[in-house]
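Work through the exercises below with the sequence and the model side by side. Try each task before you read its solution.

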Amino acid sequence: MPLDWRSRLIHSQARAPEGFRSLTTPTYRGSTTLFTSAADVTDHWDQEHVRYSYGLYGTPTSFELAARIAALEGAHHCFITPGGQAAIALIYLTFARAGGHVLVADSVYGPSRELAERLLSRLGVETEYYDPLIGADIRHLLRPTTQLIWCESPGSVTMEVQDVGAISNAAHEAGVATALDNTYAAGVLFDAFAAGIDVAMQALTKYVGGHSDVLLGSVTTRDHRHYQALGDARQLLGMGASPDDCSLAIRGLQTLAVRLEQLEKSTLAVARWLEQQPETARLRHPAFASCPGHEIWKRDFAGSASIFSVEFVPSIPRDVIVGLLDELKLFKIGYSWGGVISLVMPHFDLRRRFPNHSPSIVRFNIGLEAVGDLIADLEAAFSAIR
Ligand SMILES: *Cc1c(COP(=O)(O)O)cnc(C)c1O
């Protein structure tokens, strides 16, 4: 019997012609995915290896993004998360258990610190901050209950470059896992797995997305055991990622090399100019000798990226620095970075257990505007406050 038109709205026989060979990855959306037989029904997250069971665990679009990132980073596997902070949470919740101890670099991304203090503490996990420049001496901080060591290199805002290899070695001698926030390096300027890291994450929101219009994260792992544990936790936490966002990230990946190359050049030029201003007490850019850990950056990194910080001379009042930032026209004031627009952000009340910076610190993110225009913008703003 022919179907009623109402049913035909839903169960249509219409099909597009086959053979459309686009250069781009299709955006597959879907919550429900079909089983061919009731006997096949299963609920498993590992759709790289078993049949599709539910869209939350991934679609061909997100799996392609994950596979591309895993291949770039030389990882065993990659998970896509709804954002960088979600990637951090996934790693914490995979490795930390009640009664455990986690070592966290003092220079770590602020919300990562908040997560440890305000959520993990409630679950009975103790976090301890360590000096990011500690290197192999981290072994003195290890306890029988230590479950994870977090690195971030260069650190957020204060930009300390860590000896990730030395920290990983010490961790592995004690059988402790290591995690790295590799957002600055976009997963490509620093080889996390060669340095011995077990699990790396990045906020794809930054350089991979590259245009300030997408929020995504990635978690990559070198080891099958960690892959299983991370996958189980991700399923239970319900961390899906939008296929549309994944498609934007796949597009972003294809121009990552040219963007990073130009960003590095422009950023070095702007940083050199800022270093010469009398208001600058210290420049924190990994490629400059004044940056803590600069020698390690030279040893370990294939290049530098688009962010750095300026410590202002302590005698300059904060409201004058605020006036300077407000005076800027091309540089906008806003969180996040790695896009095409230049940004500034004051970090006057940075929380650190081992403070090594002036309280008047401002982070710059350089975009893809012409360098001459950016420097002219800065010149005008500095003149206005002098
Ligand atoms: C931005 C950022 C994150 C978080 O990324 P979101 O996608 O904004 O959640 C994590 N780590 C670092 C170092 C970051 O800069």
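**Exercise 1. Ligand contacts**

How far is an oxygen atom of the ligand from an N or O atom in the side chain of W337?

Solution. The distance is 3.3 Å. Next, find how much of the ligand is covered. Taken alone, the ligand exposes 380 Å², and the protein buries 90% of that. These areas come from the Shrake-Rupley method with a 1.4 Å probe.

T205 places a polar side-chain atom 2.6 Å from a ligand oxygen atom. K206 also has a polar side-chain atom 2.6 Å from an oxygen atom of the ligand. In total, 14 residues surround the ligand, counting those with a heavy atom within 4 Å. The closest are G84, Q85, D181, T205 and K206.

Before going on, note the ground rules. The model is predicted, so local features need pLDDT of at least 70 and side-chain atom pairs pLDDT 80 or more, while totals for chains, interfaces and linings use all residues. Residues are numbered from 1 along each chain as its sequence is written, and side-chain values use heavy atoms, without hydrogens and water.

**Exercise 2. Strand β9**

Describe the cover and the pairing of β9 (residues 307–312).

Solution. Start with cover. In β9, 6 of its 6 residues are buried, meaning under 20% relative accessible area (1.4 Å probe, protein chains only). Then sort by side. I307, S309 and E311 point one way, and F308, V310 and F312 point the other way.

Now pair the strand. β8 (residues 280–284) runs antiparallel to β9 over 4 bridges; pairing takes at least two DSSP bridges. T280 has F312 as its bridge partner. β12 (residues 361–365) is also antiparallel to β9, over 5 bridges. There, R363 stands opposite S309.

**Exercise 3. Core and helix**

Which residues touch the most other members of the largest nonpolar core?

Solution. They are L65, I80, Y130, I149 and Y207, in a core of 52 residues. Such a core is a set of buried Ala, Val, Leu, Ile, Met, Phe, Trp, Tyr and Cys residues joined through side-chain atoms within 4.5 Å. Elements giving two or more residues include α2 (60–73), β4 (146–152) and α5 (164–173). Apart from this core lies another, of 31 residues, W45 and W150 among them.

Take α5 next. Of its 10 residues, 7 are buried, including V164, I167 and A171. The buried residues pack against β3 (126–130), β4 and β5 (177–181). After α5 comes G175, with a positive phi near 70°.

Definitions and conventions: Buried means under 20% relative accessible area, exposed over 50%, partly exposed in between (1.4 Å probe, protein chains only). A polar contact is a pair of N or O atoms within 3.5 Å; within protein, one must be able to donate a hydrogen and the other to accept it, and residues adjacent in sequence count only if both atoms are side-chain atoms. Contact means heavy atoms within 4.5 Å.
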